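Please keep the sequence and the structure in view while reading.

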Amino acid sequence: MTAAGFLAWADRRQFISVRALCVYVTLLTTYYAFDWAAHYAYAIIGRPGLEVAAVIAAVTAPVTALQALVFKWYSESRGG
């Protein structure tokens, strides 16, 4: 059985909510991305602000887009 097959099986039997699992994983990913950004900004305090902002934006922007997509999918799948 593949991971996708297991998740489909578990969701059909309401053993685990795949929608909720996706939201939780996305929130955890968002937390780690922004935690990394805070540590990165602190670690290179002497650098010009625009360079630091560009690197942080390059890392956190895709995570933020993923979060928006997952929340949209979650709310649409719940019928809300």
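## Contacts between helices

L66 has its place in helix α3, where helices (H or I, at least four residues) and strands (E, at least two) are DSSP runs numbered from the N terminus. The model is a predicted one, in which local features need pLDDT of at least 70 and side-chain atom pairs count only at pLDDT 80 or more, while totals for chains, interfaces and linings use all residues. Residues are numbered from 1 along each chain as its sequence is written, and side-chain values use heavy atoms, with hydrogens and water left out.

With a relative accessible area of 38%, L66 is partly exposed, a class that lies between buried (under 20% relative accessible area) and exposed (over 50%), as found with a 1.4 Å probe and protein chains only. Although L66 and T26 are 40 residues apart along the chain, their C-alpha atoms are separated by 7.5 Å.

Q67 is also placed in helix α3, which covers residues 49–77, and its relative accessibility of 17% makes Q67 count as buried. When neighbours within four places in sequence are left aside, Q67 is in contact (heavy atoms within 4.5 Å) with T26, L27 and T30. T30, in turn, is found in helix α2 and is buried, with a relative accessible area of 11%; with its own neighbours within four places in sequence left aside, T30 is in contact with V63 and Q67.

A38 is another residue of helix α2.

The accessibility of several residues is collected here.

| Residue | Relative accessibility | Class |
|---|---|---|
| T30 | 11% | buried |
| Q67 | 17% | buried |
| Y40 | 23% | partly exposed |
| W36 | 36% | partly exposed |
| A38 | 45% | partly exposed |

## The chain as a whole

The protein chain holds three helices and zero strands, and from the N terminus on its elements run α-α-α. Its radius of gyration is 17 Å, well over the 12 Å that the globule rule gives for 80 residues, so the chain is more spread out than a compact globule; the radius is taken over C-alpha atoms, and the rule is 2.2 Å times the number of residues to the power 0.38. Along the principal axes, the C-alpha atoms fill a box of roughly 55 × 30 × 15 Å.

Buried residues make up 18% of the 80 residues. Of the contacts with a separation of 6 or more, 58% are accounted for by residues 24 or more positions apart.

## The aromatic pairs

How are two aromatic rings described as a pair? The description uses the distance of the centres and the angle of the planes. Rings of Phe, Tyr and Trp (its six-membered ring) pair if their centres lie within 6.5 Å, and planes under 30 degrees apart count as stacked, over 60 as edge-to-face and the rest as tilted. By this rule the count comes to two aromatic pairs. One of them is formed by W36 and Y40, which are stacked at 4.9 Å centre to centre with 15° between the planes. Both W36 and Y40 lie in helix α2 (residues 18–43), four residues apart, or about one turn of the helix.
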